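Subject: Structure for you to look at

Hi,

Here is the structure I promised to pass on.

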Amino acid sequence: MSSEQKDKTPNRPKEQVIQLYQGSKRIHPKLAKGRYTNLRILAVLVTQFVFYVIPWFNWSGRQAVLFDIPERHFYIFGLSLGLGDLIYLALLLIISAFGLFWWTTIAGRLWCGYSCPQTVYTEIMLWIDHFVEGDRNKRLKLDKEPWNFRKIRIKLTKYLLIFAVCAWTGITFAGWFTPIREFVPAIFTLQAGGGSLFAAAFYGFMTWLMAHQMREQVCKYMCPYARFQSAMFDKDTLIISYDEERGEPRGARKKNASKEDTQLGDCINCTMCVQVCPVGIDIRDGLQYQCIGCAACIDACDEIMDKMNYPRGLIRYTTESALKHEYADKDIKKRLLRPRVLGYGAVLFVAVIAMIAGIATRETMSVDIIKDRGVMLRENSNGWLENAYNLRIINDSEKEQVLTAKVSGFDEIALTGLLSDGLKVPPKETITVPVQVSTIPEYADKGSHPIMFEFTYRESGSEEVNTITEKSSFIGE
């Protein structure tokens, strides 16, 4: 192509590379100090005491809290629940759901900031980072350094500690579902069951992936709670907010400078609130769905306000209405006496009462009467008409129970198939027993006749008797 032709060719735009995905930068939050940080530390200690220590408690010769899935039995201290008690699981889910709605409407994402497992384990991983690598500036500097013996030693030390925490977390998780006092020694003797080992390895791996590797990405992009919280928030929900009226215009100034001389607000634009944020947002930009309500920015800002001799509370827990001066921050009645709060609270209260009443009055024994369809009406050796039934007996208690039964419905009626001195039902067992009910032919004409089974049961060696009544029918000729 000649130079003249090149000159006539229109200028083509330069090629550009468009990335559909941009990797996020690692967030290294600065360690905050203050009253809310102390509350978060307390929340971590309490929740992890429950998680790590409770499985080691014993109760009446067994693990105090054990969710024995293979045996389909749950133990919670003195409470023993079997398959027949699944209704309480449904109630527990209702309580959890409405408890979350109710609490979020009142106090926003305090659950996320203080007790959510993702937040708790991320906090633990950040403690390890800070302990091994130092505070924020040292960690940023270390990441930029080329790989050398010092960097490898520091990173290896950190990862060994993280591995230990994640491994023990996985083992403890499996210990909620298998007796932990047997499971832990079995790991080191290579005798642990495959299912328990898989559960421990999987949970340990997910702890590493979520709490160390992904961290704030889980809260930003994976947690559904962050997405639907706006449906539960209103202008009276307690949230972390920056007081723009007091803080703006922001700007740096000398410590002893008068605000009247600088004509600036209280915010000195130090960005400490951003540096301590575990999800890397700037709370001064307003409420954002990424905010987990941990209050690290409040502690950081209060510390700066103290140094500048300004009043605390530039960033604080407050409501939209309080920021607009519709009422004071401390006016709790305005925040609590709202239709949404009262509605969620009423449903939550009813569900809790129903669960407590149900557990308090539940029977540890239950009997299902199943008509044996494979056996037709027949005449027994005494010339009476006889129906066959199967008794499905469920013993959810941890004690052997002695069961006796009788039947009524006709003037002359007999029950056979059970021992005269009672049937012994082993603890945590479900058994099926065939029985027969018979009556004089004159009483049982053609059709279905209602009859009533009455069962009594007691613990072996005890004199206290409980009664169960169940309806059934007798098919006549």
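The protein chain has an average pLDDT of 87, and 95% of the residues score at least 70; pLDDT is the predictor's confidence in each residue, from 0 to 100. This is a predicted model, so local features need pLDDT of at least 70 and side-chain atom pairs count only at pLDDT 80 or more, while totals for chains, interfaces and linings use all residues. Residues are numbered from 1 along each chain as its sequence is written, and side-chain values use heavy atoms, with hydrogens and water left out.

Confidence is lowest in helix α1 (residues 3-8), with a mean of 52, and highest in α7, at 96. Where pLDDT is low, the predicted coordinates should not be read in detail. A word on the names: helices (H or I, at least four residues) and strands (E, at least two) are DSSP runs, numbered from the N terminus.

Let's start with α7. Helix α7 (residues 149-175) packs against helix α9 (residues 194-214) at an angle of about 135°, and their axes are 7 Å apart. Axes are lines fitted to C-alpha atoms, for helices over the stretch in contact, and angles run from 0 to 180 degrees between N-to-C directions. That angle makes α7 oblique to α9; under 35 degrees counts as roughly parallel, over 145 as roughly antiparallel, 65 to 115 as roughly perpendicular and the rest as oblique. The residues that meet (contact means heavy atoms within 4.5 Å) include Lys158, Tyr159 and Ile162 in α7, and Ser196, Ala199 and Ala200 in α9. By class, this contact of α7 with α9 has 10 nonpolar residues, six polar and one charged. Here Ala, Val, Leu, Ile, Met, Phe, Trp, Tyr, Cys and Pro count as nonpolar, Asp, Glu, Lys and Arg as charged, and the others, Gly among them, as polar.

α7 also crosses helix α8 (residues 180-188) at roughly 135°, with the axes coming within 9 Å. α7 and α8 are therefore oblique to each other. On the α7 side, Trp168, Ile171, Thr172, Ala174 and Gly175 meet Ile180, Phe183, Val184 and Ile187 in α8. That contact of α7 with α8 splits into seven nonpolar, two polar and no charged residues.

Now compare another pair. Helix α2 (residues 35-53) and helix α15 (residues 296-308) pack at about 145°, their axes 7 Å apart. Arg35, Tyr36, Thr37 and Arg40 in α2 meet Ala296, Ile298, Asp299 and Asp302 in α15. The contact of α2 with α15 has three nonpolar, one polar and four charged residues.

The peptide bond from Glu248 to Pro249 is cis, with omega near -10°, and Pro249 sits in the loop between α12 (244-247) and α13 (259-262). Arg215 has a positive phi of about 50° although it is not a glycine; its place is in the loop between α9 and α10 (216-222).

Finally, the record: an unreviewed UniProt entry lists residues 36-54, 74-103, 159-177, 183-205 and 341-360 as "transmembrane region". UniProt positions are in the numbering used here, feature names are shortened, and annotations may be inferred rather than shown by experiment. In the model, residues 341-360 are 100% helix and 0% strand, with end C-alpha atoms 28 Å apart.

Cheers
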